Amino acid sequence: MEIPPIHYMQARSLKNTFDDPDLAKLVTSMCEGKTLNLFAGRNRLQGVDEFRVDLSEEFGPDYHGYAEDFLIQNKEKFNTIVYDAPWENHIRDNRRQKDLIVEALEEDGRIICISRFTTEFGEHSGMEIVDLTLVDPEGGQRPFYVTVEQKVSSSKAMGVARPAIAVNQLDETGTITTISKKEALQLSVSIQGWCTREELSWIYDRASALVQNSIWVELGTWKGRSICPALMGAPDSCQVFSVDTLAGHPKSVTRREASYGWWVLDHVHALSKLSMTLGKGGISCLRQESVAGATHFRDGQLDVVYLDRDYRDEGEAIALDVAAWGPKLKSGGTLCGRNYGIPFSSGGLENVIDDLLPDRELGPGSIWYWNKH
């Protein structure tokens with residue numbers, strides 16, 4: 001089993017999928033040979049040998065009518081099929097339509113899915129994911145995936161070895177163990193947030209040092225920039241929790257965005273689904289205040305608690321979190337966070353940490369950490 005290449009991109013607010021030129025360029029670059037665009041819409045795929053199917057004559061389709069009607073009548077084979085259905089028409093449970101789409105592919109053909117699911121077809125349809133991009137639109141729209149699924153040839157189905165991908169790390173049985181640190185950091189830095197690359201690297205290293213079945217908790221996640229390297233670096237059996245109200249900070253310049261709790265949560269869920277595609281356990285989200293979140297865990301249960309809430313002007317808040325979460329750590333566990341030495345955002349954090357945890361240590365950037373004895 002291989003891990004597909006994983007990418008992250010931001011896009012402008014979309015009325016039609018290909019209104020964003022970068023997204024259109026991405027999809028056209030994935031098209032090979034004769035391409036069937038099943039729900040073509042307004043925008044044409046530039047430079048692509050495209051056969052367009054749409055219910056609206058306004059968009060100038062080559063076939064005017066329902067996609068399934070076309071597939072039933074169709075006798076041609078296509079190298080690529082672009083599947084960009086309206087969200088309510090996605091076909092995860094429509095076996096008939098899935099079979100018709102796969103039948104319309106040439107051997108080793110591909111389906112490009114624009115969807116909120118990481119896979120529309122999968123191995124039960126004789127397909128495998130070979131490329132995955134998480135797209136993050138502006139304007140409060142929910143994230144979605146652009147997934148390339150390749151038709152599995154008969155030689156592959158019989159177990160012929162596939163070429164290795166350099167960033168993939170598999171054990172001797174072919175089980176996914178992790179993705180490379182470089183790939184994890186590339187994904188992390190592309191997610192909106194404040195953690196620097198060197199801080200993200202420290203988080204990844206700390207997570208990768210955990211043993212199986214460890215538990216990592218992050219307080220204050222927003223879109224998932226800093227939880228991403230923890231999730232990707234930790235062993236597959238580890239549990240990763242996010243504790244966040246998703247209400248934002250009253251003084252934050254991003255208050256308007258952060259207040260859209262469902263929208264921010266969708267980013268975290270998308271990252272969680274992405275990790276599960278890689279064999280990880282995903283992210284468990286506790287949408288509540290940090291001190292209340294601590295009540296979900298037993299004393300001495302946790303391996304790492306990462307404090308990344310917005311503590312501006314709130315020295316008392318960091319003290320409450322240290323008091324609530326410190327007892328939850330195992331002996332040898334780590335309480336850590338960032339914003340140490342950043343006066344405009346730390347709200348007296350350094351003084352509180354130094355008073356409560358005098359043997360704390362400092363990491364790269366604004367990272368601080370304390371190992372429980």
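How many salt bridges does a search of the whole structure find? The search finds 14 of them, a salt bridge being a side-chain nitrogen of Lys or Arg within 4 Å of a carboxyl oxygen of Asp or Glu. The structure is a predicted model, in which local features need pLDDT of at least 70 and side-chain atom pairs count only at pLDDT 80 or more, while totals for chains, interfaces and linings use all residues. Residues are numbered from 1 along each chain as its sequence is written, and side-chain values use heavy atoms, with hydrogens and water left out.

Seven strands make up an open sheet in the order 13-12-11-14-15-17-16, and their pairing is mixed; here two strands pair if DSSP finds at least two bridges between them, and helices (H or I, at least four residues) and strands (E, at least two) are DSSP runs numbered from the N terminus. Strand 13 (283-286) and strand 16 (361-362) stand at the edges with a single partner strand each, so one side of each is left without a neighbour in the sheet.

Within this sheet, strand 11 (residues 215-219) and strand 12 (residues 239-243) run parallel and are joined by five bridges, with Gln239 of strand 12 as the bridge partner of Ile215. Further along the order, strand 15 pairs with strand 17 (residues 368-371) in the antiparallel sense over four bridges, and there Leu335 has Trp370 in strand 17 as its bridge partner. Strand 17 also pairs with strand 16, again in the antiparallel sense, over two bridges, where Trp368 is the partner of Leu362. Strands 16 and 17 form a hairpin with five residues between them, and Gly365 in the turn has a positive phi of about 60°.

The side chains of Lys280 and Asp236 meet in one of them, at 3.1 Å from N to O. Lys280 lies in the loop between helix 9 (261-277) and strand 13, and Asp236 in the loop between helix 7 (227-233) and strand 12, so this pair ties together parts that are 44 residues apart in sequence. Both Lys280 and Asp236 are buried, that is, under 20% relative accessible area, whereas exposed means over 50% and partly exposed lies in between (1.4 Å probe, protein chains only).

Another salt bridge joins the side chains of Asp299 and Lys328, also at 3.1 Å from N to O. This pair links distant parts of the chain, 29 residues apart, with Asp299 in the loop between helix 10 (290-293) and strand 14 (302-307) and Lys328 in the loop between helix 11 (315-325) and strand 15 (329-337). Asp299 counts as exposed because its relative accessibility is 55%, whereas Lys328, at 12%, counts as buried.

Arg338 forms a salt bridge with Asp308, their closest N and O atoms being 3.9 Å apart. Since Arg338 lies in the loop between strand 15 and helix 12 (343-346) and Asp308 in the loop between strand 14 and helix 11, the pair ties together parts that are 30 residues apart in sequence. Salt bridges that share partners join Glu199, Asp308 and Arg338 into one network, and both Arg338 and Asp308 are buried.

Finally, Thr35 is found in strand 2 (residues 35-37), and at 0% relative accessibility Thr35 counts as buried. Leaving aside neighbours within four places in sequence, Thr35 is in contact (heavy atoms within 4.5 Å) with residues including Val48, Phe51, Phe78 and Val82.
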